[in-house]
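Biologist: I should like to learn how to read the features of a structural model. May we go through them in turn, with the general idea given before each case?

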Amino acid sequence: MKFLLITLYTFLVAVSFGAKLPSGFKKCNLKQTSSRLCLPKAVESALRQMDRPIKSLGLISLEPLVIPSLTIDAGSQYVAAKHTYQNLRVSGFNETTCSKAEFNYNEKTLNLDCVVPNFRMEFNYEIHGQILMASIYGNGTGWIIFHDNHLGLTFKLGEYEKKGKTYFSILHQQLSMQPRVIDFDVNNLFDGDEESADRVKKILKENVLEIYGDLRHGYEEAFGKIFAYIFEKVLENVPVSDIFG
Ligand SMILES: *[C@@H]1O[C@H](CO)[C@@H](O)[C@H](O)[C@H]1NC(C)=O
Ligand SMILES: *[C@@H]1O[C@H](CO)[C@@H](O)[C@H](O)[C@H]1NC(C)=O
């Protein structure tokens, strides 16, 4: 019953097939076991270089990653409130470290375990409903930081041929996302009634990880789609032999 709406229209940029990765990207040979050592560094280094748009791949910048609109529906336990972000700007990917990035060539799955130390979201928000039995409404600006945000990401890939070259596409993705600590602030809760806003923000802060737990599935689904969308841009434009060597 979770409802999710993401618009990503700014991502769409026309590019030609057969593009090459920018020269700074590291290549790892997926058929060799050494790719286990090579891939985590390659992912980290690619993320650092995506702090600006890469036109040849149709990629927008990740610093920040701009998501025009994202709606996360109510949870099932504590949060009976749908919330919508407009002009959501996510940053911090350039400091990602990956402890694991493994490709299984037979199953064509890529498994990543990474940490984003400061996964920062800045936004306009609208919320209306109840959290932990307290009613909440508001419309304003705010920020959230997921500290030490652990991302476990699995892509199941398919292989196909285009103009005599092999390409991958994403068949399925799964994301788990668990921050260690969450900080946030929002302006203009309760139409600017500061007393009510402070009271409810205190309750939210004291229970923020439980609240995230209730909404986690919605965030994981949304960011899973967003990460897949970005990775797919690379995969659809660059042949496997030019991405992985
Ligand atoms: C990441 O980007 C931020 C600005 O968005 C910058 O302050 C920081 O130094 C960058 N970190 C790295 C490791 O490049
Ligand atoms: C929230 O504020 C924005 C800008 O002030 C406005 O366009 C929008 O209609 C408001 N939404 C609600 C639900 O009041």
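Biologist: What covers the buried residues of H1?

Modeller: Cover is read from contact, meaning heavy atoms within 4.5 Å. In this predicted model, the cover over the buried residues of H1 includes strand E4 (97-104), strand E5 (109-131) and H4. Helices (H or I, at least four residues) and strands (E, at least two) are DSSP runs, numbered from the N terminus.

Biologist: Which residues of H1 are buried?

Modeller: Buried means under 20% relative accessible area, exposed means over 50%, and partly exposed lies in between (1.4 Å probe, protein chains only). Among the buried residues of H1 are Cys38, Leu39, Pro40, Leu47 and Gln49.

Biologist: Before we continue, which conventions apply to the numbering and the values?

Modeller: Residues are numbered from 1 along each chain as its sequence is written, while chains are lettered from A and ligands numbered from 1 in the order in which they are written. The model is predicted, so local features need pLDDT of at least 70 and side-chain atom pairs count only at pLDDT 80 or more, whereas totals for chains, interfaces and linings use all residues; side-chain values use heavy atoms, with hydrogens and water left out.

Biologist: How is the length of a helix judged, and what span does H3 have?

Modeller: The expected span is 1.5 Å times one less than the number of residues. Helix H3 (residues 208-237) has 30 residues and should span 44 Å; its end C-alpha atoms are 40 Å apart, which agrees. H1, with 15 residues, reaches 20 Å from its first C-alpha to its last, close to the 21 Å expected.

Biologist: Where is the kink in H3 centred?

Modeller: A bend at a residue is the angle between axes fitted to the seven residues ending there and the seven starting there. In H3 the kink is centred on Leu215 and is about 60°.

Biologist: Glu220 is also found in H3. Is Glu220 buried or exposed?

Modeller: Glu220 counts as buried, because its relative accessibility is 13%. Leaving aside residues up to four places away in sequence, Glu220 touches Leu175, Ser176, Met177 and Tyr212.

Biologist: What does Asp242 touch?

Modeller: Asp242 lies in helix H4 (residues 240-244) and is buried at 12% relative accessibility. Apart from residues up to four places away in sequence, Asp242 touches Lys20, Leu21, Lys27 and Lys165.

Biologist: How should backbone angles be read?

Modeller: Most residues other than glycine have a negative phi, and most peptide bonds are trans. Lys108, although not a glycine, has a positive phi of about 55°; Lys108 lies in the loop between E4 and E5 and is buried at 15% relative accessibility. Phe190, also not a glycine, has a positive phi of about 50°. Phe190 is in the loop between strand E8 (181-186) and helix H2 (194-206), and its relative accessible area of 8% makes it buried.

Biologist: Which peptide bond is cis?

Modeller: The bond from Glu63 to Pro64 is cis, with omega near -5°. Pro64 has its place in the loop between H1 and strand E2 (65-72).

Biologist: Which residues are around ligand 1?

Modeller: A residue is near a molecule if one of its heavy atoms lies within 4 Å of it. Around ligand 1 are Glu63, Asn94 and Glu95. A nitrogen atom of ligand 1 lies 2.9 Å from a polar side-chain atom of Glu95.

Terms used: A polar contact is a pair of N or O atoms within 3.5 Å; within protein, one must be able to donate a hydrogen and the other to accept it, and residues adjacent in sequence count only if both atoms are side-chain atoms.
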